[in-house]
Amino acid sequence: MTAPDFTGWQEPWPLTPTLRPFPQPKPVIVETNRALPLAKNATRPDKFPLRVLAGGLRLEGTMPGKLYAWALLSDGQWLGCRQTS
């Protein structure tokens with residue numbers, strides 16, 4: 001495990017890094033539907049209890065964010081990483 005700012009990250013093969021951090025975060029627009037594909041047959045929002053509607057995480061089609069690094073997954077895909085506070 002590594003710290004949220006990636007300190008302590010150890011590369012198993014330094015010539016082909018699995019983490020590519022940026023010196024400064026890059027502003028990005030995240031296409032949420034592509035990043036988190038959810039079920040097409042999900043329950044309609046009006047069927048949820050009010051506590052879920054009021055307190056659940058709301059995702060929009062696109063959302064602004066800051067990209068801190070790219071991390072290589074074991075299947076060859078790259079995952080965008082953001083720093084947590």
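Student: How many nonpolar, polar and charged residues does the lining of the largest pocket have?

Tutor: First, the ground rules. Residues are numbered from 1 along each chain as its sequence is written, and the model is predicted, with local features needing pLDDT of at least 70, side-chain atom pairs counting only at pLDDT 80 or more, and totals for chains, interfaces and linings using all residues. Side-chain values use heavy atoms, leaving out hydrogens and water.

Tutor: Ala, Val, Leu, Ile, Met, Phe, Trp, Tyr, Cys and Pro count as nonpolar, Asp, Glu, Lys and Arg as charged, and the others, Gly among them, as polar. Here the lining has 15 nonpolar, five polar and four charged residues.

Student: Which strand gives the most to that lining?

Tutor: Strands are DSSP runs of E, at least two residues, numbered from the N terminus. Strand 2 gives the most, with seven residues.

Student: Is Cys-81 buried or exposed?

Tutor: Buried means under 20% relative accessible area, exposed over 50% (1.4 Å probe, protein chains only). Cys-81 has 14% relative accessibility, so it counts as buried. Cys-81 lies in strand 3.

Student: What does Cys-81 touch, beyond four places in sequence?

Tutor: Contact means heavy atoms within 4.5 Å. Among the partners of Cys-81 are Phe-6, Lys-66 and Ala-69. The C-alpha atoms of Cys-81 and Lys-66 are separated by 8.5 Å.

Definitions and conventions:
Helices (H or I, at least four residues) and strands (E, at least two) are DSSP runs, numbered from the N terminus.
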